[in-house]
Amino acid sequence: MTTQASIVTLASIERAIQQLSAIHVETQRDDQTRTAFNRLFFGEGTGFAPRFFAEGQETRGVAIVGAPGSGKTALVSHILSGHPNLHFKGELGVTKCLQVTVPSPATLKSVGLELLKALGYPQVSERRERWAIWEMVKHRLSVLGIKVLWIDEAHDIYNAGNVREKEDLLKTLKSLMQGPQAIVVVLCGTEPVAELLRSDHQVARRFSQVRLPPISFASDGDGLMNLIRSYADRVELGVEIDPDLTQCLLHAARDQFGMAIEIAIGAIETALRSHRPSLTRQDFIDYWFMQESCPLDENVFATGNYSAWEDREVRGNRDASGNGRRR
């Protein structure tokens, strides 16, 4: 039977986890991204505007490239949200920044329709010609005074149906960065974003790139342990972890900063829901079991056996692709 006390406790745990998840950890990556972004503008307030290059003919963009779990989306959101002149996440008509996630499959028409939806446009018929859709997009961006277009999951453009479709998408993005109403385009995605830019020199020269490298135990282990202790302290948990557990965490996170934080917060939630006084290895074991549904001998936090877990990953990828045979 659920008691009022347990409801209050569960509610407080949920609030605590939400608060931990909302924390943004400033790193060198923030400085690099902020610098790359700020150089694309000048002025402030009503005078804030994209900086024009090539004798005043075009703007520039920035591409944020990182592996899954690197925290790139959270990083870009933090940078844009903190910009004093963008009012990002404000109401449409006030914000100067628009975010859109590339639909799958990514085609010139599907991306255009997704943009119109984000721009608050009424339902547009999919039978409308591609060029007409994008003329509406450009007009709407201008009317609303949008200065920045953030395209998340941009790697899906690289996986567009055919070469022609990909070329058309790139040409259209380039056109958004040309002329008196040109805007700044921010691409965010995995390695195919870099490959996408390399496929078209005219587009590539318009984008600077910020790469989010993997983290390592040697350079980031101590900092990660201190961060976990800080998170646990915020929710009044003791901490019983050691460097070996941190290595396991990095391996489970595939050396990606954002994923490591996500797993750590998941383990903290497990400890709170289990009413334990301290965060221990068992909380990581339990959380990882819930996430991966793996037996104990393949749970990287239980065994420290990285190879067993990697073998399981390979099997899972093979099964997902429909190829169950070993060669």
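**Notebook: helix packing, cavities and pockets**

I began with helix α11 (residues 243–252) and helix α13 (residues 281–292), which pack at an angle of about 20° with their axes 11 Å apart. I take axes as lines fitted to C-alpha atoms, for helices over the stretch in contact, with angles running from 0 to 180 degrees between N-to-C directions. The angle makes α11 roughly parallel to α13; angles under 35 degrees count as roughly parallel, over 145 as roughly antiparallel, 65 to 115 as roughly perpendicular and the rest as oblique. Helices (H or I, at least four residues) and strands (E, at least two) are DSSP runs, numbered from the N terminus.

I note for the record that this is a predicted model, in which local features need pLDDT of at least 70 and side-chain atom pairs count only at pLDDT 80 or more, while totals for chains, interfaces and linings use all residues. Residues are numbered from 1 along each chain as its sequence is written, and side-chain values use heavy atoms, with hydrogens and water left out.

**Entry: the α11 and α13 contact**

I looked up the hand of this pair and found that α11 passes α13 in a left-handed crossing. A crossing is left-handed if the near helix is turned anticlockwise from the far one by less than a right angle, and right-handed if clockwise. From α11, the residues D244, L245, C248, L249 and A252 meet R281, F284 and W288 of α13; contact means heavy atoms within 4.5 Å. By class, the contact of α11 with α13 has 6 nonpolar, no polar and 2 charged residues. In this scheme Ala, Val, Leu, Ile, Met, Phe, Trp, Tyr, Cys and Pro count as nonpolar, Asp, Glu, Lys and Arg as charged, and the others, Gly among them, as polar.

**Entry: the α10 and α12 contact**

I then turned to helix α10 (residues 217–234) and helix α12 (residues 257–273), which pack at an angle of about 35° with their axes 11 Å apart. Here α10 passes α12 in a right-handed crossing. On the α10 side I list L224, L227, I228, Y231 and A232, and on the α12 side F257, A260, I261, A264, I265 and I268. The contact of α10 with α12 divides into 11 nonpolar, no polar and no charged residues.

**Entry: pockets**

I searched next for open space. On a 1 Å grid over the protein atoms alone, a cavity is a set of points where a 1.4 Å probe fits but cannot get out, and a pocket is an open set with protein on both sides within 12 Å along at least five of seven lines; lining residues have an atom within 4 Å of a point. Grid points are joined across faces, edges and corners, and a volume is the space filled by probe spheres set on the points.

The largest pocket has a volume of about 480 Å³. Among the 23 residues that line the largest pocket, S21, I23, A74, G258 and I261 are the closest to its centre. I find that α1 (4–22), α2, α3 and α12 each give two or more residues to this lining, and α12 gives the most, with 6 residues. The lining of the largest pocket has 11 nonpolar, 8 polar and 4 charged residues.

For the second largest pocket I record a volume of about 280 Å³. Its lining has 13 residues, of which T27, R29, I215, D220 and F257 lie nearest its centre. Two or more residues of this lining come from each of α2 and α10, and α10 gives the most, with 4 residues. I count the lining of the second largest pocket by class as 7 nonpolar, 4 polar and 2 charged.

**Entry: cavities**

I find 2 cavities of 30 Å³ or more in the structure. The largest cavity has a volume of about 40 Å³, and T33, F37, V62, I64, V76, I79, L80 and V186 line it. At least two lining residues come from each of α2 (28–38), β3 (61–66) and α3 (72–81); the largest share, 3 residues, comes from α3. This lining has 7 nonpolar, 1 polar and no charged residues.

The second largest cavity holds about 30 Å³ of space. I list V111, W134, I151, I157, L169 and L173 as its lining, which divides into 6 nonpolar, no polar and no charged residues.

**Entry: backbone**

I checked the peptide bonds and found a cis peptide bond joining S104 and P105, with omega about 5°. P105 is placed in the loop between β4 (97–101) and α4 (108–118). I also noted E55, which has a positive phi of about 60° although it is not a glycine; E55 lies in the loop between β2 (49–50) and β3.
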